[in-house]
Amino acid sequence: MPRVLSDVIAPRAERTGREGRFPRGSVTALGEAGLLGLTVSADLGGGGRGVDEAAEVVARVAGACPATAAVLQSHYAAVAVIEACGSPWVRGEIAVGRHLSSLALADRAGAADGAVGASVSRSGEVVALRARKREVVAAGEADSYVWSSLPLDTADGLTLWLVPAHASDLFVPARPDGTGPQGSATATVLADPVLVPADAMLGEDGVGGDIVLRTVLPWLCALRDAVGAAAVHPSVAVAAEAPAATGRPVTAAADGAVQFSAAASAATALR
């Protein structure tokens, strides 16, 4: 870890921030050092570590390069979901440092409830996901996204998917339009629609809201605390309360996680 920081991440940090260039070399070095796979099971070749160790890595990286730290925050939170619900093959790729993941949880403002084109449909073993996901860190740079949608077969809830970044009809703007640190490639990702196999579902249909609240948000909170970010964004409190009050965890949980992640990334950039 010290050598990656001193030899790779720190020397590139100023240019990353100035030019807004994604820190690909730093991410590659983190993968080669075993840090992208830090929290993957040791049985699959990962580090077998938990949130505390991940938070320590994020804190040390944040001191050198806020953009790289933002990428790691989203990656580790996404990997927490993949570890619980993903395939052994993807987990193995993350373990050996060949796979970067990120969160794509909230639709563009006004679209989270399906009113502006967000939809999901199934034909046989293929699922079509249509949405504009906002505040996606490493947009166009990650290998996969932990993606949220309305459920397929239930009236309420949220469903999560692992969407490969190379999938057809998945678009990223030429210039990042999000609020993350310069160089973190935080942007909107458009699926118009993106087609994924039905077995790309993470967890059961309709239970993604629980996964966001019980896995994603705790990880984001721990990683936020590691870099000394500002107070929790108000939407996080809404995310915790709204499912019981409104029965609509799709908007509350996903938007809360994404807005919280954006606030944490912005705070990291100010350090």
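**Helix packing and strand pairing in a predicted model**

The axes of helices H4 and H6 cross at roughly 145° and come within 9 Å of each other. The crossing of H4 and H6 is right-handed. On the H4 side, the residues that meet H6 are Gln73, Tyr76, Ala77, Ala80, Val81 and Cys85. Their counterparts in H6 are Ile211, Thr215, Val216, Trp219, Leu220 and Leu223.

A word on confidence before I continue. The mean pLDDT of the protein is 84, and 80% of its residues reach 70 or more. Two stretches call for caution. Over residues 229-253 the pLDDT is below 50, although this stretch has 47 contacts in the model beyond near neighbours in sequence. Over residues 259-271 the pLDDT is likewise below 50, and here the model has 32 contacts beyond near neighbours in sequence.

I now return to H4, which spans residues 66-85, and to a further partner, H5. In general, two packed helices are described by the angle between their axes and the distance between the axes. For H4 and H5 the angle is about 145°, and the axes lie 10 Å apart. Which hand does the crossing of H4 and H5 have? That crossing is left-handed, whereas the crossing of H4 and H6 is right-handed.

The contact itself brings His75, Val79, Ile82 and Glu83 in H4 against Val90, Arg91 and Ile94 in H5. The residues in this contact divide into 4 nonpolar, 1 polar and 2 charged.

Let us look at H5 in its own right. How many of the 8 residues of H5 are buried? The helix, which covers residues 88-95, is mostly covered, with 6 residues buried. These are Val90, Arg91, Gly92, Glu93, Ile94 and Ala95; two of the residues that meet H4, Val90 and Ile94, are therefore among them, buried here being under 20% relative accessible area. The buried residues of H5 pack against H4 and also against strand S5, residues 159-164. Just after the helix, Gly97 takes a positive phi of about 85°.

Strand S5 leads us to the sheet. Four strands form an open sheet in the order S1-S4-S5-S8, and the pairing is mixed. Which strands form the edges? They are S1, residues 101-104, and S8, residues 201-202, each of which pairs on one side only. S5 and S8 pair in the antiparallel sense over 2 bridges, and Leu160 has Leu202 in S8 as its bridge partner. Helix H6, residues 208-226, lies across S1, S5 and S8 and runs at about 65° to S5.

I close with the pairings of strand S7, residues 187-197. Strand S3, residues 126-136, runs antiparallel to S7, and 8 bridges join the two. Within S7, Val189 stands opposite Lys133. Strand S6, residues 170-171, also pairs with S7 in the antiparallel sense, over 2 bridges. In that pairing, Leu190 of S7 has Phe171 opposite.

Terms used
Residues numbered from 1 in each chain as written. Predicted model: local features only at pLDDT ≥ 70, side-chain atom pairs only at ≥ 80, totals over all residues. Heavy atoms only, no water. pLDDT = per-residue confidence, 0-100. Contact = heavy atoms within 4.5 Å. Buried < 20%, exposed > 50% of the residue type's maximum accessible area, 1.4 Å probe, protein only. Axes fitted to C-alpha atoms, helices over the stretch in contact; angles between N-to-C directions. Left-handed = near helix turned anticlockwise from the far one by under 90°. Nonpolar A, V, L, I, M, F, W, Y, C, P; charged D, E, K, R; others polar. Pairing = 2+ DSSP bridges.
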